[in-house]
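Student: I would like to go through this structure with you. Could we begin with the terms?
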Amino acid sequence: MSPSDNYVDFGSSARDYVVHRPGFPDLFFERVREMGLALPGQSLLDLGTGTGTLARGFASRGCRVVASDISSTMLEACKALGKEQELLFSHVQSDSAALAFRDESFELVCAGQCWHWFEPAAAASEACRVLRPGGRALLAGFTYLSDPGTPGELADSLLLRMRPDWKYAFSDGRSPGQVRELEMAGFRGVTV
């Protein structure tokens with residue numbers, strides 16, 4: 001496998017991710033299910049799975065999950081955590097820009113906390129390719145709001161001192177570019 005040009009290997013941080021990044025809360029998974037996504041029995045590909053916070057969460061709720069990451073070290077951490085939780089799901093080392101899966105293999109493709117590290121046009125195209133007709137994509141992430149008087153406002157102010165060109169200052173963390181990338185790859189009805 002040849003990594004994409006923007007390849008960043010987080011493998012050396014896998015242990016830190018296991019200890020300090022517990023992942024998405026139950027409320028997130030409940031909301032996703034309310035949206036009609038990741039229902040029991042559905043086939044799901046978790047891109048950039050890292051330690052598998054989404055993969056494990058969806059597997060524990062009855063989805064047939066394939067956890068995919070370019071980093072073998074992150075996949076090993078994902079496998080270990082899945083085994084510890086007695087969860088069954090597959091693990092495949094693959095680059096989001098050149099997925100190692102057949103066309104129309106999944107009902108849902110998800111990516112949590114990682115889309116910004118991918119080659120967006122290639123990843124969106126590949127996600128579209130591996131989705132079955134009517135399949136959906138879910139990009140999930142954590143963010144904070146920098147409302148006046150909050151720690152978020154202070155954090156953004158401090159960051160701007162170091163990086164005056166930081167384009168996400170005082171935003172809600174959503175990237176309009178992601179919508180364009182997904183639409184250009186063939187996704188319709190993209191919402192944020």
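Tutor: Helices and strands here are DSSP runs, helices being H or I with at least four residues and strands E with at least two, numbered from the N terminus. By that convention, leucine 44 lies in strand β1.

Student: What kind of model is this, and how are residues numbered?
Tutor: This is a predicted model: local features need pLDDT of at least 70 and side-chain atom pairs count only at pLDDT 80 or more, while totals for chains, interfaces and linings use all residues. Residues are numbered from 1 along each chain as its sequence is written, and side-chain values use heavy atoms, with hydrogens and water left out.

Student: Back to leucine 44: buried or exposed?
Tutor: Leucine 44 is buried, at a relative accessible area of 1%. Buried means under 20% relative accessible area, exposed means over 50%, and partly exposed is in between, using a 1.4 Å probe and protein chains only. Leucine 44 and serine 96 are separated by 52 residues in sequence and by 14 Å in space, C-alpha to C-alpha.

Student: How many cavities of 30 Å³ or more are there in the whole structure?
Tutor: The search finds one. The volume of the largest cavity is about 30 Å³. A cavity is a set of points on a 1 Å grid over the protein atoms alone where a 1.4 Å probe fits but cannot get out, and lining residues have an atom within 4 Å of a point. Grid points are joined across faces, edges and corners, and the volume is the space filled by probe spheres set on the points.

Student: Which residues line the largest cavity?
Tutor: The lining consists of Phe24, Asp46, Leu47, Gly48, Thr49, Thr53, Leu54 and Gly112. Strand β1 (43–47) and helix α3 (53–59) each supply at least two residues of this lining.

Student: And by class?
Tutor: The lining has three nonpolar, four polar and one charged residues. Ala, Val, Leu, Ile, Met, Phe, Trp, Tyr, Cys and Pro count as nonpolar, Asp, Glu, Lys and Arg as charged, and the others, Gly among them, as polar.

Student: Thr49 is in that lining. Which side chain reaches the backbone nitrogen of threonine 49?
Tutor: That of aspartate 69, at 3.3 Å. The side chain of aspartate 69 also reaches the backbone nitrogen of serine 71, at 2.8 Å. These are polar contacts, meaning pairs of N or O atoms within 3.5 Å; within protein, one must be able to donate a hydrogen and the other to accept it, and residues adjacent in sequence count only if both atoms are side-chain atoms.

Student: Where is aspartate 69, and what is the nearest side chain of opposite charge?
Tutor: Aspartate 69 is in strand β2 (residues 64–69). Aspartate 69 is buried yet has no salt bridge, and the nearest side chain of opposite charge is arginine 21, 9.7 Å away. For charge, Lys and Arg count as positive and Asp and Glu as negative, with His and the chain ends not counted. A salt bridge is a side-chain nitrogen of Lys or Arg within 4 Å of a carboxyl oxygen of Asp or Glu.

Student: How many salt bridges does that rule give?
Tutor: The count comes to eight. One of them joins the side chains of glutamate 76 and lysine 79, at 3.2 Å from N to O. Both residues lie in helix α4 (residues 72–84), three residues apart, about one turn of the helix. Glutamate 76 is partly exposed at 46%, and lysine 79 is partly exposed at 34%.

Student: What about arginine 129 and glutamate 126?
Tutor: Their side chains meet in a salt bridge at 2.9 Å, N to O. Both lie in helix α5 (residues 120–130), again three residues apart. Arginine 129 is partly exposed, with a relative accessible area of 25%, whereas glutamate 126, at 12%, counts as buried.

Student: Which pair links distant parts of the chain?
Tutor: Arginine 132 forms a salt bridge with glutamate 107, the closest N and O atoms being 3.4 Å apart. This pair links arginine 132 in strand β5 (residues 131–140) to glutamate 107 in strand β4 (residues 106–112), 25 residues apart.

Student: Last topic: what is the phi of alanine 38?
Tutor: Alanine 38 has a positive phi of about 55°, although it is not a glycine. Alanine 38 is placed in the loop between α2 (26–34) and β1, and counts as buried at 3% relative accessibility.

Note on methods: On a 1 Å grid over the protein atoms alone, a cavity is a set of points where a 1.4 Å probe fits but cannot get out, and a pocket is an open set with protein on both sides within 12 Å along at least five of seven lines; lining residues have an atom within 4 Å of a point.
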